[in-house]
Structures are given as structure tokens and as C-alpha cells.
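Here's a quick tour for anyone opening this structure for the first time. Have a look around, then read on.

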Amino acid sequence: MGAARGFGVDIGGSGIKGCEVDLVAGALVGDRVRIPTPVPSTPEAVAEVVAEIVERFGWTGPVGVTLPAVIKKGVAHSAANIDKAWIDTDAAALFAKRLGRRDGEVVVLNDADAAGIAEVKYGRPDDQDGVVVLLTFGTGIGSALFLDGKLVPNTEFGHLEIDGHDAETRAAASVKEEHDLSWSEWAKRVSRYIRGLENLIWPDLIIAGGGVSKKADKWLPLLEVRTTVVAAELRNDAGIVGAAVAAQQAAENS
Ligand code: BGC
């Protein structure tokens with residue numbers, strides 16, 4: 001049973017959520033713990049919260065952690081909605097030290113990549129052929145690109161320039177809230193964004209994730225795009241589950 005369990009922590013601009021994960025079912029084991037993201041969200045302050053969550057579960061195995069950032073070999077190269085001090089921080093080394101783990105026992109990856117890993121593995125295991133893109137609509141727009149089920153990490157498709165604007169500043173779910181847009185007004189913006197993306201990478205399937213995917217029936221039917229767009233199955237837990245999967249895979253390969 002132990003081998004089929006993992007642990008994931010999903011770091012966002014407002015909350016840090018973690019839980020033990022059943023790696024066979026792709027589901028949380030019991031209730032997740034959520035602690036508000038410290039302000040300022042410096043690496044050290046965030047690492048304290050991550051440690052508190054992991055310790056609350058008494059978890060001693062490998063840990064996967066997401067950040068809203070480009071991550072290469074554990075190092076953050078950008079920082080969206082978290083303190084800019086993250087840039088150039090070796091996040092994997094920082095968490096490993098704070099958690100008392102050896103090198104390689106903590107894996108850090110982009111939040112949308114983690115959500116995509118979970119979604120492709122557990123949500124749509126039969127739809128992995130070709131080019132599949134998961135888009136998370138939240139405070140920003142995150143993306144995860146898969147070719148035949150294999151992740152191409154760190155795509156930042158939320159930052160495509162559409163009509164002279166950074167796409168996520170026009171079409172993220174937060175923009176709908178801020179500007180009080182109706183579903184149809186927002187769906188027009190999302191369509192415009194997806195058409196821009198489609199013209200560049202011609203995906204076979206787009207999976208729409210993020211909190212707003214809970215209300216997919218309100219806006220997916222309004223999209224005017226070429227590609228089939230389906231709602232994510234795992235919703236808000238996808239980041240935690242995907243992080244746990246990534247940590248488990250790294251542990252198996254080391
Ligand atoms: C960041 C991405 C992140 C996404 C969702 C974007 O602003 O650039 O790295 O995945 O937000 O959090």
C-alpha cells in the first residue's frame with residue numbers, strides 16, 4: 001500500500017495546499033490541508049508552510065511541489081503571483097533542506113504542468129494520442145503540452161500575445177471577475193485566445209482546467225474554436241495529484 005501513495009503540495013498566490021495522494025486512483029487520501037500563502041511569499045516563508053503541511057501528515061517519503069513559475073532542474077526562472085525573490089532560487093534544494101530530504105526526493109515543477117500530468121494520466125487516459133494541451137484558467141493562464149502522453153515542460157502559452165496584449169491579462173478567469181464579464185463576453189475572449197494558440201500548434205485536444213472548469217457547462221458550449229475543448233476531470237486537486245506523480249516517477253528513476 002505504501003508504494004501506491006505519494007505526496008503533493010500545490011503552491012498558489014493565495015493558498016498552499018497539500019495532501020497524501022493515492023497514486024493508483026489519482027485521488028487525494030482524505031482531506032487536503034490548505035494554509036494561506038504567507039505575505040510576502042518569499043522562498044523561506046513558503047518553505048516553512050510546505051514543511052508544516054508535510055509534517056502535519058507525518059509524511060516521510062518523496063514530495064512533489066508545484067510553483068506558478070518556469071522550473072528547470074529545480075530552479076525557478078519566473079514567478080507569477082509569488083514573490084520575485086523566487087527567480088533563480090533552487091526551489092528543489094530549498095524544500096529538500098527544509099524537509100530533511102536527500103537530493104532528488106523533492107521534485108518541483110510548474111503548477112500547470114503538474115495539473116496536466118494528473119489530468120492526462122487519470123482524467124483522460126484514453127485520449128493521449130497526438131498533441132494535447134491543458135489550459136488552466138485562474139488568476140493567470142497556465143499551460144501543459146503533451147505529445148503522445150509525454151509532457152513538454154514549461155510551455156507558457158498563457159503569455160501568447162493576442163491583439164497586442166499578454167493573453168492572460170485578457171482571458172484569465174480572474175479577468176472575468178474583475179471586469180464582471182458575462183459568460184458570453186468572457187467566452188469570446190477565451191475563443192480569441194484559443195484561436196491564436198490553435199493557429200500556432202494545432203492541438204488534437206484541449207482540456208480546460210482551473211476553478212472555472214467547475215462551471216464548464218456555462219462557457220464551453222459558447223466557444224467558437226476549431227479544436228475539441230473538454231473540461232478537466234480532476235478540477236482543483238489536479239496540481240497536488242500531478243506533483244505527487246512527478247515525485248514518485250523521479251524516485252523510481254533515481
Ligand atoms: C505563469 C505560469 C503559471 C500560470 C498559472 C502564469 O502567469 O507564467 O508559469 O503556470 O500563470 O499559475
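## Around the ligand

Let's start with His159: a side-chain N or O atom of this residue sits 2.7 Å from an oxygen atom of the ligand. Bear in mind that this is a predicted model. Asp111 also has a polar side-chain atom by the ligand, 2.5 Å from one of its oxygen atoms. For Asn110, the distance from a polar side-chain atom to a ligand oxygen is 3.0 Å.

## One face of helix H2

Now over to helix H2, which runs over residues 91-99. Which of its residues are buried? They are Ala91, Ala92, Phe95, Ala96 and Leu99. Looking down the axis of H2, you'd find these buried residues within an arc of 130°, so they line one face of the helix. Among the elements covering them are helix H1 (43-56) and strands E1 (5-11), E5 (63-67), E7 (75-76) and E8 (106-110).

The two ends are worth a peek too. At the start of H2, Asp90 brings a side-chain oxygen to within 3.4 Å of the backbone nitrogen of Ala92. Just past the helix, Gly100 adopts a positive phi of about 65°.

Last stop: Glu119, in helix H3 (residues 111-123). Glu119 is buried but has no salt bridge. How far away is the nearest side chain of opposite charge? That's Arg124, at 6.0 Å. Setting aside neighbours within four places in sequence, Glu119 is in contact with residues including Leu134, Ile207, Ala232 and Leu234. Glu233 and Arg235 are also among its contacts.

Definitions and conventions. Residues are numbered from 1 along each chain as its sequence is written. This is a predicted model: local features need pLDDT of at least 70, side-chain atom pairs count only at pLDDT 80 or more; totals for chains, interfaces and linings use all residues. Side-chain values use heavy atoms; hydrogens and water are left out. Helices (H or I, at least four residues) and strands (E, at least two) are DSSP runs, numbered from the N terminus. Buried means under 20% relative accessible area, exposed over 50%, partly exposed in between (1.4 Å probe, protein chains only). Lys and Arg count as positive and Asp and Glu as negative; His and the chain ends are not counted. A salt bridge is a side-chain nitrogen of Lys or Arg within 4 Å of a carboxyl oxygen of Asp or Glu. Contact means heavy atoms within 4.5 Å. The arc is that of the directions from the helix axis to the C-beta atoms. A polar contact is a pair of N or O atoms within 3.5 Å; within protein, one must be able to donate a hydrogen and the other to accept it, and residues adjacent in sequence count only if both atoms are side-chain atoms.
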